[in-house]
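Open the model in a viewer and keep the selection panel at hand.

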Amino acid sequence: MASTQTTEKTSNFTSKDLVSDQDIRWCPGCGDYSILKQVQKVLPELGLKKENIVFVSGIGCSSRFPYYMNTYGMHTIHGRAASIATGLKVSRPELSVWVVTGDGDSLSIGGNHFIHTLRKNPNLNILLFNNEIYGLTKGQFSPTSPEGKVTKSSPMGSVEHPFNPLALALGADATFVARSMDRDPKHLQAMIRRSAEHKGTSLLEIYQNCNVFNDGAFFEFTDRATKTDRALFLEHGKPLTFGAENRKGIRLRDGCQPEIVDLEKGGLSESDLWIHDEKDSLKAGLLARLPENAGNGQGEFPSAFGVFYAIERYCLEEAVNAQIKKARERMGDGELDALIRGDHVWEIK
Amino acid sequence: MSKEKIQFKTNVVIRFAGDSGDGIQLTGTQFTTSTALAGNDLATYPDYPAEIRAPAGTIAGVSGFQLHFGSDEVHTSGDYSDVLVVMNAAALKANLSHLKKGGIIIANEDGFDEKNLRLAKYPEGENPIRDDSLEEYQVHIVPVTKLTRECLKDTGLGVRDMDRSKNMFVLGLLYYMYNRSMDPTIQFLESKFAKKPEVAEANVKAMKAGYSFADTTEIQHGRFEVKAAPMVKGTYRSIMGNQATAFGLIAASRRANLPIYYATYPITPASDILHELSRHKNFGVVTVQAEDEISAVASAIGASFGGSLAVTASAGPGISLKTEAISLATIYEIPLVVCDIQRAGPSTGLPTKMEQADLMQAIYGRPGEAPLPVVAATSPADCFDAVFEACRIALEFMTPVFFLSDGYLANGAEPWRFPSSSDLKEIRVGFATEADKENGVYHPYKRDERLVRKWARPGTPGLEHRIGGLEKEDVTGNVSYDPDNHETMVKIRQQKVDNIADHIPLQELDSGPEKGELLVIGWGSTYGTIKAALKQLREEGVDVAHAHLRYLNPFPKNLGELIKNYDRILVPEVNNGQLVRLLRDQFLAPAIPYNKIKGQPFAVAEIKNRIWELLNR
Ligand SMILES: Cc1ncc(C[n+]2csc(CCOP(=O)(O)OP(=O)(O)O)c2C)c(N)n1
Ligand code: SF4
Ligand SMILES: [Mg+2]
């Protein structure tokens with residue numbers, strides 16, 4: 001796939017040029033800072049013109065993002081960023097349009113636009129900052145908070161079953177689904193790059209620490225003691241391995257039942273494992289739900305990070321503009337006077 | 001060859017009624033086209049049921065289409081009909097009250113069988129076309145279904161298909177009665193069914209059979225002739241409101257030299273604008289059928305930021321969903337045209353019936369202080385000019401604008417002396433460029449003397465800026481929580497909208513004396529009815545003034561002065577009194593409401609009676 005090859009491209013700006021003159025108002029220590037930094041790091045590598053970049057956000061802590069980027073930007077209303085970005089992209093296909101959104105913004109109030117945008121597949125890059133909490137409104141549970149989560153609005157624990165954002169996106173026929181985290185800058189940069197290169201809507205879920213209202217929700221994936229067992233990094237064409245020195249692997253029993261295996265014991269080698277294929281929608285679905293599998297005596301299943309799924313499908317704006325072109329070919333460029341006149345007229349003398 | 005004498009008439013109102021599956025709307029629009037081509041002035045009023053196919057034969061399923069045409073000026077679709085064409089018993093029951101005493105009823109005999117009578121809930125054993133209950137009318141009983149099947153029996157079509165042509169039989173019959181040419185309908189059928197010539201042929205055959213049937217028989221009262229109306233010289237076509245709205249949008253896009261981005265979610269009675277626009281993609285029109293109204297307006301806002309003429313449309317329930325996004329456009333100060341094709345509410349209300357009850361929603365229905373201009377159309381053809389004007393104001397003043405139409409205008413038709421594109425106003429759009437920077441800095445909320453800011457499109461180097469829903473600092477547009485700044489900005493946004501009064505025409509009287517006892521002020525689709533009522537009153541010796549408002553926010557600058565010239569103001573509205581409150585609020589005017597809230601337009605007689613009453617005569 002040509003679009004995945006990272007070629008050095010020239011841009012008319014540097015990371016520094018992307019820093020706006022506005023004071024950043026996120027809480028000190030918030031994971032949003034890292035994401036901002038990685039985006040500012042990667043953008044100049046993409047061969048874009050600064051004036052063609054637009055950041056569109058909804059409402060939430062995360063959605064303050066555009067104010068801190070010295071590009072064109074729209075801070076909009078709660079949940080609607082994806083739709084606003086779609087209108088912009090369809091009308092101006094040459095722009096590089098980014099959506100910055102939160103778990104509440106995209107999966108609660110904006111759930112409808114989220115799924116419909118994915119199915120329509122305009123060429124947008126969605127950065128979904130998932131902190132499993134409502135940050136801006138000061139700490140209520142969100143649609144991604146785990147069952148039983150104790151928050152201000154759920155003192156006895158949340159009674160709701162959460163969304164699995166990537167499974168939801170796959171169910172909505174997304175063409176690009178990936179996950180990264182604020183506390184792994186290198187991986188996050190790579191995923192931002194992949195998202196940008198994907199033609200179509202790319203959904204990048206970013207685990208983001210809200211150190212005020214949900215501190216440590218994702219530390220298991222970055223803490224020294226736990227990270228190798230809890231996080232599995234995906235690479236296309238490579239086997240699924242994790243654990244200390246990658247000595248654990250995941251195998252698919254009967255082709256669809258994930259199983260953790262110990263590569264030291266039982267004479268198994270990497271070729272017996274599940275080989276990651278970004279174009280396999282069924283396996284992407286299994287990956288999205290990997291941690292939900294009951295362990296098979298080898299400990300808990302890890303969560304996957306990386307590109308789960310990436311396929312090509314036509315983009316909305318291409319189809320829309322192709323129809324306009326076709327209509328012009330068929331009927332000629334519209335003539336206003338002929339349109340207004342219509343087929344039946346009469347004279348009054 | 002006809003033996004009967006032709007009677008001349010100045011005005012005729014025909015109402016077609018039948019099951020919603022009977023093709024009533026098609027029959028009505030075809031008769032309208034032929035009538036328009038014959039040079040009559042006319043106005044139409046389709047009256048559909050809310051259900052697409054309510055159980056056949058029931059009152060709930062009755063669909064109506066009223067056409068008023070004349071050799072004199074026609075301003076309304078007519079209070080009562082002269083001729084009522086009914087395809088079944090339910091149609092008669094539902095519409096008899098709209099027929100003038102002594103009027104003509106043409107009834108499809110086959111629609112009055114036992115089953116139809118039962119479905120229409122006539123008492124057991126009663127049949128209105130057999131007993132003497134219709135004594136006061138001239139009743140013509142025609143076995144339409146039977147005759148249609150008879151004439152199509154050799155076509156090889158099945159009975160159900162044959163029955164689909166019975167509306168064409170009736171149309172042919174009326175074409176004979178009113179001496180109209182069948183040619184436009186023949187052309188229409190041939191092009192509509194180009195891929196199914198057998199269907200086109202059957203329909204034409206049925207129509208011709210109806211025509212000959214009327215000629216050779218049985219329809220005893222002869223033929224009528226309605227001469228061409230003495231209209232202003234020029235070239236005319238027939239146009240429906242939603243179609244005029246679509247054309248007006250395209251015209252504005254051409255004058256502004258911007259592509260249209262039209263995003264909506266289907267809803268009666270606005271959907272036909274989408275249907276019409278989506279047929280004209282060769283004008284560079286982007287039409288979007290979004291997943292809901294919120295997404296529709298949101299995507300339009302995105303397209304507006306990108307530099308398109310962005311338009312969204314709905315009826316009241318959908319407009320309310322768009323509210324938050326419209327308030328965003330207000331604080332952004334970007335162009336957006338919001339078309340509200342009103343229908344009877346609240347909630348789903350009477351979804352296929354007209355009402356003017358969204359005026360307050362348009363003017364005030366947003367969170368916070370979010371003023372915006374409101375423009376209303378007065379007739380089907382006027383939708384063209386009014387929506388064009390809405391676009392002009394939105395683009396030239398960087399603001400969302402409401403365009404108000406309603407179900408009566410949307411589906412109504414009238415002859416239109418259409419403009420040439422060169423007659424249309426210019427729409428000046430100036431995008432910001434690098435030259436707008438000051439000392440290397442671009443200030444997105446810097447304003448000109450009208451308080452209008454510039455439109456800076458992404459893709460323009462050096463103008464990178466952020467806009468948002470948070471209050472912004474004057475001039476720089478940076479987020480600001482400063483209390484004084486917020487008050488300043490609220491006042492500026494208000495003043496900007498108020499200033500538009502300097503750029504719209506002064507209010508003129510439509511008719512009547514410049515000073516006097518009574519001024520009737522209307523807005524929107526009541527125009528024709530008020531005009532016709534006052535004309536009749538004038539003929540009866542009472543001269544009352546009429547002003548009809550196109551600009552509802554801001555009002556024309558002279559409206560307050562104009563109102564002072566009259567002792568009293570009467571404000572007829574198809575709502576529970578909305579404009580009347582605005583007039584009282586802004587001008588402390590002695591305005592008297594006159595309201596009808598039945599999902600139907602006013603009748604001319606109703607307006608006249610209310611005026612007689614007010615004048616104590
Ligand atoms: C229409 C509307 N409803 C509610 C709110 C209040 N509100 C603002 S942000 C937010 C939740 C944000 O959560 P999330 O999207 O997860 O963003 P985070 O702050 O966690 O980054 C809510 C409920 C609003 N601004 N607008
Ligand atoms: S509340 Fe949480 S998410 Fe919001 S800025 Fe503070 S730390 Fe970040
Ligand atoms: Mg959140």
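Start with helix α3 (residues 103-109) of chain A, which gives the largest share of the shell around ligand 1, 4 residues; helices are DSSP runs of H or I with at least four residues, strands runs of E with at least two, numbered from the N terminus. This is a predicted model, where local features need pLDDT of at least 70 and side-chain atom pairs pLDDT 80 or more, while totals for chains, interfaces and linings use all residues. Residues are numbered from 1 along each chain as its sequence is written, chains are lettered from A and ligands numbered from 1 in the order written, and side-chain values use heavy atoms, without hydrogens and water.

Next, select ligand 1. It is surrounded by 17 residues, the closest being A:C61, A:S62, A:D103, A:G104 and A:D105 (a residue counts if one of its heavy atoms lies within 4 Å). Because these residues come from chains A and B, the site is shared between chains.

Now show polar contacts (pairs of N or O atoms within 3.5 Å). An oxygen atom of ligand 1 lies 2.7 Å from a polar side-chain atom of A:S62, and one lies 2.7 Å from a side-chain N or O atom of A:D103. At A:G135, a backbone N or O atom is 2.9 Å from a ligand 1 oxygen.

Move to chain B and select the open sheet of 6 strands, ordered β3-β4-β2-β5-β6-β7 with mixed pairing (two strands pair if DSSP finds at least two bridges between them). Its edge strands are β3 (41-47) and β7 (138-142) of chain B. Finish at B:V85, whose bridge partner in β6(B) is B:I106.

How values were computed. Polar contact = N/O pair within 3.5 Å; in protein donor to acceptor, adjacent residues only side chain to side chain.
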